[in-house]
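This report is meant to be read beside the sequence and the coordinates, with a viewer open.

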Protein chains: 2
Amino acid sequence: MRAIYFDGVRIQERRMPKPRAGGEAVIKVGMAGICSTDLEITRGYMEFSGIPGHEFVGTVVSAPVKSLIGKRVVGEINVPCGVCATCKMGDGKHCPQRSVLGIQKRNGAFAEFLSLPVKNLHPVPADISDEEAVFTELVAAACEVPERFPVKRNTRIAVLGDGRLAAVASQVAAAGTKHVVVMGLSARKLSVIEKLGIETVDISRQNVRERDFDMVLECTGSPAGLPLAERLVRPRGIIVLKSTYHGRLRWNPSPIAVNEITVAGSRCGPFETALSMLKKRTVRVLPFLTAVYPFDDWRKALRRAGRRDSFKVLLKIT
Amino acid sequence: MRAIYFDGVRIQERRMPKPRAGGEAVIKVGMAGICSTDLEITRGYMEFSGIPGHEFVGTVVSAPVKSLIGKRVVGEINVPCGVCATCKMGDGKHCPQRSVLGIQKRNGAFAEFLSLPVKNLHPVPADISDEEAVFTELVAAACEVPERFPVKRNTRIAVLGDGRLAAVASQVAAAGTKHVVVMGLSARKLSVIEKLGIETVDISRQNVRERDFDMVLECTGSPAGLPLAERLVRPRGIIVLKSTYHGRLRWNPSPIAVNEITVAGSRCGPFETALSMLKKRTVRVLPFLTAVYPFDDWRKALRRAGRRDSFKVLLKIT
């Protein structure tokens, strides 16, 4: 099969054997999304080598559960070992031995086929297009927030960032409260979010009120995000840390102690909720589809995904 | 009255007028404790100028509530405005206009007299000595932890630090669970904590297991504490940030997001619980009393409090 492979130094196209089932389902990849994590991987993040890509929609071609064959699916990315103490506690998502699709010890979606356990798969309702379905993993990550931190109608939420995660997280937040403000640096990208009826602030031009938010969602992917979040959140408020990045921040965390702020890390979320939100159009993702590239143009696609003005770039694999 | 005064540059003894009651109680200070915050203040922390000192025990000499007069008391340090939105929400401890005894907009305990609102005062039971009572504020800060984050008998807790806060916080933690380990750098100080039956680890000599704790209490007062806490806590575990300090840490918070760790800032706590723990000797503080200095020797006392091998240094004021 055709695959895009990162060997730890260079990324290039290769011919590779189709993944063996080994008790898992094999999926023919239709489309794959390019995430910042994929770009970070090509810079050495996670010390991964293999096929990157963890956002996808595809069709099951073989599976131990026959009813799945032929179904259009998306897939959760963590594959726990199932036997360690963490797994036995029911927290497989954090299994230290886990593999993660296209990120850790498991080939990903930038290839014609991938394999995943049946329990990771979720059939996609017919009224969600392929282009929309690829966003499921991202929407699920945003849905993790209100599942862990209850949001009321008057909860004041700031979303930091103007990329695809901020765009999606702000819509999920707006399903729970009237008070959502997205704060970013790109007037052009903010205008796309604003068209969905969400308030935005260009923080390069406008001042913002400090200590004014019950909750701040840090979706900048930048070391500047956390110190800004700390200034915006009220005492005893919550900062949800969604960003991951290379590089260190220089920071004094004393105000976190003094103002009794909670900083909660948050990562993957529930696919069922995400698919339901996509189906009901509670979350709209197509305004954030920057471009779809054919497999042959994968290098162009990666470059485009890395540009500051891009939201989401997809690869049409098969 | 005699007072120790910091003018923003130098600290020195002064004659000052006795505080006016203005609707508050006036307390004759018996003993005052020297806290790291006091030492930080003399280095410019909080941009405070005035009389430092916020840990004390004393006797009420005048009060709008007559029954308090003559009582031996300790006092909560935050004085909220009572009328702002934060106060109206019932969170006066975080009132942005608040004064804080010896820390912010209010003279403190390094003087013969201080004033505080009646509602801040707590009478001290007869079987708690003056030397013990001065620790109430510190014990209360430690009691805040189990009030906010329930501890079960099998909760695994690491306490980082080997100072007075770690010594007290580990005893409060040990009242809830069997699994408490104090991790510090001073073998001598750790040995004092160990005599109370609490396990200690000298991290300069011994390796520690990573991802092994449900909760980590960061009591080091050092930028090195938070990154160490992040390595020790299990995925989805809690780091309670007690430390405040000058200076910045260089740090990549991505593991907080990936491992969905919660970092919760925590500051002042309930005086009632603290006095009850001191009375029952659930928390023992006298092993951590390094020295008591007379008022005249306040400069020596401050120097002694700043030494790495000191736990708690007290000033006998009157």
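Predicted model: local features only at pLDDT ≥ 70, side-chain atom pairs only at ≥ 80, totals over all residues.

Residues are numbered from 1 along each chain as its sequence is written, chains are lettered from A and ligands numbered from 1 in the order in which they are written, and side-chain values use heavy atoms, with hydrogens and water left out.

## Helix packing

Helices and strands are DSSP runs numbered from the N terminus, helices being H or I with at least four residues and strands E with at least two. The axes are lines fitted to C-alpha atoms, for helices over the stretch in contact, and the angles run from 0 to 180 degrees between N-to-C directions.

| Helix pair | Angle | Axis separation |
|---|---|---|
| α4 (residues 136–148) and α5 (residues 164–174) of chain A | about 45° | 9 Å |
| α4 and α5 (residues 164–174) of chain B | roughly 45° | within 9 Å |
| α4 (residues 136–148) and α9 (residues 271–279) of chain B | roughly 110° | within 8 Å |

Angles under 35 degrees count as roughly parallel, over 145 as roughly antiparallel, 65 to 115 as roughly perpendicular and the rest as oblique. The angle between α4(B) and α5(B) therefore makes this pair oblique, and α4(B) passes α5(B) in a right-handed crossing. A crossing is called right-handed if the near helix is turned clockwise from the far one by less than a right angle, and left-handed if anticlockwise. Contact, meaning heavy atoms within 4.5 Å, is made by B:L138, B:V139, B:A142, B:C143 and B:P146 of α4(B) with B:R164, B:L165, B:V168, B:A169 and B:V172 of α5(B). These residues divide into 9 nonpolar, no polar and 1 charged, where Ala, Val, Leu, Ile, Met, Phe, Trp, Tyr, Cys and Pro count as nonpolar, Asp, Glu, Lys and Arg as charged, and the others, Gly among them, as polar.

In chain A, the crossing of α4(A) and α5(A) is right-handed, and the contact of α4(A) with α5(A) has 9 nonpolar, no polar and 1 charged residues.

The helices α4(B) and α9(B) are roughly perpendicular to each other. Their contact involves B:T136, B:E137, B:V139, B:A140, B:C143 and B:E147 of α4(B), which meet B:F271, B:T273, B:A274, B:L275, B:M277 and B:L278 of α9(B); by class there are 8 nonpolar, 2 polar and 2 charged residues.

## Aromatic pairs

Rings of Phe, Tyr and Trp (its six-membered ring) pair if their centres lie within 6.5 Å, and planes under 30 degrees apart count as stacked, over 60 as edge-to-face and the rest as tilted. By this rule there are 3 aromatic pairs over all chains. One of them is the stacked pair of A:W251 and B:W251, at 6.3 Å centre to centre with 10° between the planes. Because A:W251 lies in strand β15 (residues 249–251) of chain A and B:W251 in strand β15 (residues 249–251) of chain B, the pair joins two chains. Both A:W251 and B:W251 are buried, a term that means under 20% relative accessible area, with exposed meaning over 50% and partly exposed in between (1.4 Å probe, protein chains only).

Another pair, A:F288 and A:F311, is edge-to-face, at 4.9 Å centre to centre and 75° between the planes. The pair links distant parts of the chain, 23 residues apart, with A:F288 in the loop between α9 (271–279) and β17 (289–294) of chain A and A:F311 in the loop between α10 (298–305) and β18 (312–316) of chain A. Both A:F288 and A:F311 are buried.

## Buried helices

In helix α5(A), 10 of the 11 residues are buried, so this helix is largely enclosed by the rest of the structure. Helix α7 (residues 225–232) of chain B has 7 of its 8 residues buried, so it is likewise largely enclosed by the rest of the structure; the buried residues of α7(B) are B:G225, B:L226, B:P227, B:L228, B:A229, B:E230 and B:L232.

## Single residues

A:K105 has a positive phi of about 55° although it is not a glycine. A:K105 sits in the loop between β7 (99–100) and β8 (113–116) of chain A and is exposed, with a relative accessible area of 58%.

B:I51, in the loop between α1 (36–41) and β4 (55–62) of chain B, counts as buried at 1% relative accessibility.
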